[in-house]
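Open the model in your viewer and keep the selection tool at hand. The tour below says what to select at each stop and what is found there.

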Amino acid sequence: MTDRGAAPTLELKDLEVVYRVRGRDRQVVRGVSFTIAAGETYGLVGESGCGKSTTALAVVGYLASNGRIRGGSICVAGRDVVGLSNRALRHLRTNDVSMVYQNPAEALNPSIRIGEQVAEVFRVRGAGREEALERTLQALAKVQIADPGSVMARYPHQLSGGMQQRVVIAMALANDPGLLILDEPTTSLDATVEAEVLDLIQHLQAEFRTSVLFITHNLGVIAKMCERVGVLYAGRLVEEGPVSEVLKGPRHPYTVGLLRCVPRGGARKDRGRLDTIPGFLPSIDEELRACVFAPRCGLAQDICRATEPPLYQITEDHSSRCYFHERAQDLPRTTPPELGQPILVDRSKAPLLAVKELTKTFEQNGRRIHALEAVSAALWPGETLGLVGESGSGKTTFARAVLGLFAPTGGTVELDAHVLPPTLSRRTQADVRELQIVFQNPDSALNRRHAVRSILRRSLKKLAGISGAPAEERLLMLAGSVRLAERYLTVRPNQLSGGLKQRVAIARAFAGEPRLVVCDEPTSALDVSVQAAILNLLVDLQVQRWVAYLFISHDLGVVRYISDRIAVLYLGRLMEMGPAEVVFDGPHHPYTEALLSAVPTIDGGGRARIKLAGEIPSAAAPPTGCVFHTRCHRRIGAICDEKEPPLVEVGPGHLMRCHIPIEELRRLQAQPQEAAQVAGTKQPAA
Amino acid sequence: MLSVLVFAASQLLPGDIGRNVLGPFASPNDVKALDHQLGVDRPIYVQYGAWIGKLAHGNLGMSLEYKVPVASLLGPSLVNSLKLAAVAFVLVVPLSIVGGVFAALRRGHWLDRLITLTGLSLTAVPEFISAIVLILIFGLLLNWLPVTAASPADADAVTQIRYLILPGLALVMVLFGYIARMARAGTIEALESDYTRTAFLKGLDTATVIRRHVLRNSLLPTIAVIATQMGYLIGGLVVIEKLFNYNGIGQRIYTAALNKDFTMLQSGVLVVGIVYLTATLLADILYSLLNPRIRYAGVE
C-alpha cells in the first residue's frame, strides 16, 4: 500500500506553532517533523493538549486567529504550504487536502440539505449543478449509504451519527485528495458504528490510494488502522516508528506509561491496579528547555532536566527522544499493583438493590418509545454491575429510573428489600443519600459559581447532615479520600483539569456515604492516563466502603476492568447478564459477540469482525420476535422473527435471551468466523 | 387570557366611571343612573361577559370621552402606528444586521469596538433625549426633515415617509444596539462552528462561506429578538409619538388613560396585545421555516 519511492505526500520539518495569549507567544507545537508517504496511514497519538489537532490545522492553514506558524515547513505533495496566499490556500483545500473531525453532527451545516452540502465540493471545482448532484449521488453510494437519493434530500439532524460521519467522509474524499486528515473521526460514535466507519475508511483508502494522517487518543484504533505512529507529548514528537514496534516494544517512557494506563488483555480490578502517569501535562505558560516529559518520568536523571535529549535512532525507522530509551520498559510503576483486601461478594444474602421488571415508555410525537422493557437486575454490596449496549439500548434510562429521576411505567426498585417510591421527590433523605451518581461531564455536574470547598460543604450538609466545625473535618477527609490536594479546595471547578473535576464530582457523590453509585460514563471525557487514575480511585473507594456501582460505559475494556457482572442491553431489553469473565469469554449472546468483535484492540488480531447489518431499529417500532433478529448474524429461522426468546439461565448466574441453545453457541463461536459473516451484510460498492 | 388581563387591569384603575364622566358637581343619583346605564354597577364577571360578547362581534363599544364608536378613533391610530413601525423596521433591521455581522467579521478590530460601543451607548440613551437631539440637528439646525411626524392630510406616500423618518431614526437608535448585538453574537458563534470550518476546508471562498453557511444559521436568534421588539414598535411608542405629535395608538391609549376613557383604554391595550401576539406568532412561523431542526422535528 505504501509507496516509499515517490515524494512524500506530507512532510513536516521542525514545525513550530505558537498561540498568542495575553500578549505572549505560547508554544504548542515544538519542532515536530515527520513524513507520510503516498498511500500510507500515519497515526498521531497523544493526550488532549499535546498539539495533535493544532498540527493538523496548521497543515490545512486553519489555525485559530491567535495561532501562528513560527518556524519549520509543511510540504504537501512537495510544495511548501506555509504562508500561502488565500487563493493558493483555497486551491490546496479544494484539491489536495481534506479533513474529517470528531463530531459529524457539528461538521455538517444544520440548515442545508445533505445533497447541497456535498455538491458544493464539486461545484467549487467547477462542476455544473446537474453534474455536481449526479456526482454527489455517486459519492454517497461510495461511502455505502443505502439510499443516497433520499439522504440527499435530508437535513443532517435527520441522520444517525454513523450516517453523518459517512457523509462527512464522502465530502472529504469527493475531491480525491492526496492527503486525508482524520481527527478523532470515530470518537463520538458507538463501538459497532466505529468499526463500520473504520472498515469504510480502510476500504476507501485502498481504492483512492490516499495518504492518511490519523489523529486519535485511542491506541486500539491506531493498531487497527495505521502503519506508522508518532507519539506526541507537550508538542514534541517523543517517539516514532512502525505501529507494531511502538505498541509492542515502546522505547519512550511516555509511550510505556500510556500503554500501561489502558485496561486491556482481560485486565480486571481484582488482579491489580492500573498504572498511571503522575503529575500533569505542562501548562503552555511553561518554558521547556530540557526533556518535556522529565517532570513526570520515573526514569528521569539530572541530565533529563538539564538538556533536551536528541532523537535516538533505534532501528531504521523507529526513533525515541529519550536518553534512556533502552530502559524505557523498566519504567517503575507509579501505583502499587496490589489492592487492599479483595471483596468477596456474598450473593446468598439479600441484595442491596433489586430491580424488578422495570419498564419505561416515553410518549414522543404521539408515538410510544419503548425505552426499557421489563429489565430485572440485582446488585450486592461491594460489587459492580456493568451496563453495556449501543446508544439507544436503554442503559441510561435504566440508571435514571433506578435513581428516581423519572417514574418508570412499570416495575419496582427495591433498596434493602423496601420498595422505593418511583420519583426522587417522594424518596426519603436516606434513600437519596444512599443512591448517588457520577456523570460523564463534570463541567455540567458541578456548579461553576462555587468554590470546590463550598460545593463539598453543601453536599455534606444535604447528604450527611453535617455542618459547622465537624463538616470541615469531614470535608478534608472526603477530599483526601479522592486524593484531591487541599490547595484545590479554594478554586472554582473551571480552574481544574478534567480529572480533578471528576474527583470533585466523585467526592460530592460520596459525601453522604452512599451504598450505590451510578457511574454514567465517568471516564469517557478523560484522557487515558487520567481515566486510569479515576478507575483506581473508584476501585479503592469500593474496597474501603463496600459501595456498589452501576457502571455505564461504551468502552468495553473499562467495563471489563471494573465490573464483577455485566448486563448487555439492546433496544431496552436485557439480552445477556452474567459474571464479567463469562460474558467476555463466551459463549456469548450473538449481540454481545458482535459488540466485542467491533472493538479494536491494541494487541491486534483477536476476534474477526462481525458486521451487524444496518442500524439499531427504532424503539418506537421494535422488531417482532427477538428484537435483535433484524441484525443477527446467527439467526436460525422463522422462530427468531416470530417468538421472543425467554431470558433463561444458561450457566451459574449467566442469563441469556436467545433461541440458540448455549452448547450450539459454544460450538459456533469456536469456529472461525468467516461463514457467519454473510447475514445481511452490505457489500461495499466496488 | 389576554382579554381577562386587560379587563382586570382596567378595573384596578381608581375612580368611579359615572362620577368621572359627569364631573364632580353631578348629583349622586345621576351618577348612579349613568353607572346603571353603562352597566358598570353589575358584578365584574357579568361586565366582562358583556364586554367579551360585544368584542366577539367586533363591537369595541363607545368612547366615554368622545361619544363615538371606539373603533372609528382606534382604527386610524393603529394604521398610523403601523406606518411608523414599518418605517422604523425597514430602517433598523438591515442596518443593525449588517452592523452586527460586520462587527463579528472584524472581531477585535477597532470597527467592531466602534459598532458595539455605539450600539450600547445608543440603547442606554432614553428615547426622549435621542429624539430631541435628532429634532435639533436634522429638523432645526439643518432643516432637512420636518419636526413633526404628522404629515398634511392630503400628503402622498413619499411625503408621509419623509415625515416619519425622524421618529423612525429615534427608534432605530433605541433598537440598533440590541439587534446588532444579537446578530454579532450569532455570527461569531456560527463562524467558530465546525461546519464553517468544513466549508472553508472545502475550498470555498470567504464570501461564499459567509453567505451560504454562516448567515443562514447566525441570524436565527436575531429574528426571534426582532419579533419581540415589534410589540414595542407598535404599542410602546407613547414618548416618541408625543414628542413628534403623532396620532398613533400609543398616544391614543395615553390620552384615554388620562381621561379615564375606559372603553377606549381597554380596546387600545387589547389591540396592541393582539398585534404583539401576531408578531410573535409570525416570527415563530418564520423561525421554524428557516430552521429545519424545528420544521422536521416530528418526522424522524
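**Stop 1: where the chains meet**

Show both chains: 22 residues of chain A are in contact with 21 residues of chain B. Contact here means that the C-beta atoms of two residues, placed from the backbone, lie within 7 Å. On the chain A side, the elements that give two or more residues are α2 (86-95), β6 (97-100), α3 (104-107) and α4 (114-124). Helices (H or I, at least four residues) and strands (E, at least two) are DSSP runs, numbered from the N terminus. Coloured by class, this side of chain A shows 10 nonpolar, eight polar and four charged residues. Ala, Val, Leu, Ile, Met, Phe, Trp, Tyr, Cys and Pro count as nonpolar, Asp, Glu, Lys and Arg as charged, and the others, Gly among them, as polar.

Two notes before going on. This is a predicted model, in which local features need pLDDT of at least 70 and side-chain atom pairs count only at pLDDT 80 or more, while totals for chains, interfaces and linings use all residues. Residues are numbered from 1 along each chain as its sequence is written, and chains are lettered from A and ligands numbered from 1 in the order in which they are written.

Now select A:V124, which lies in helix α4 of chain A. Leaving out residues up to four places away in sequence, A:V124 touches A:T94, B:K202, B:G203 and B:L204. Is A:V124 buried or exposed? A:V124 counts as buried, because it has 21 C-beta neighbours inside 10 Å. The cut-offs are 20 or more other C-beta atoms within 10 Å for buried and 12 or fewer for exposed, with partly exposed in between; C-beta atoms are placed from the backbone.

**Stop 2: chain A as a whole**

Chain A has 24 helices and 24 strands, and its C-alpha atoms fill a box of roughly 70 × 65 × 45 Å along the principal axes. Of its 686 residues, 50% count as buried. Among contacts between residues at least 6 apart in sequence, 68% join residues at least 24 apart.

Next, colour by domain. The domain assignment gives domain 1 (107-176), domain 2 (262-330), domain 3 (353-569) and domain 4 (586-677); such bounds come from an automatic or database assignment. The C-alpha centres of domain 1 and domain 2 of chain A lie 43 Å apart.

**Stop 3: one sheet**

Select the strands β6-β7-β8-β3-β9-β10-β12-β11 of chain A, which in this order form an open sheet with mixed pairing. Two strands pair if DSSP finds at least two bridges between them. β6 and β11 (312-315) stand at the edges with a single partner strand each, so one side of each is left without a neighbour in the sheet. Three bridges join β11(A) to β12 (residues 318-320), and these strands run antiparallel. Within that pairing, A:T315 has A:H318 as its bridge partner in β12(A).

**Stop 4: another sheet**

Select β18-β19-β20-β15-β21-β22-β24-β23 of chain A, an open sheet of eight strands with mixed pairing. Its edge strands are β18 (435-438) and β23 (648-651), each pairing on one side only.

Zoom in on β21 (residues 565-570). How many of the six residues of β21(A) are buried? Six of the six are, so the strand is largely enclosed by the rest of the structure. In a regular strand the side chains alternate between the two faces of the sheet. In β21(A), the buried residues are A:R565, A:A567 and A:L569 on one side and A:I566, A:V568 and A:Y570 on the other.

Now look at the partners of β21(A). β15 (residues 384-388) runs parallel to β21(A) and is joined to it by four bridges; here A:V388 stands opposite A:V568. β22(A) runs antiparallel to β21(A), with six bridges, and A:V568 stands opposite A:E576 there. β21(A) and β22(A) form a hairpin with two residues between them. In the turn, A:L571 has a positive phi of about 50 degrees. A:E576 also stands opposite A:M656 in β24(A).

**Stop 5: a helix residue**

Finish at A:T54, found in helix α1 (residues 52-59) of chain A. A:T54 is buried, with 22 other C-beta atoms within 10 Å. Not counting residues up to four places away in sequence, A:T54 touches A:V17, A:V28, A:V29 and A:G67.
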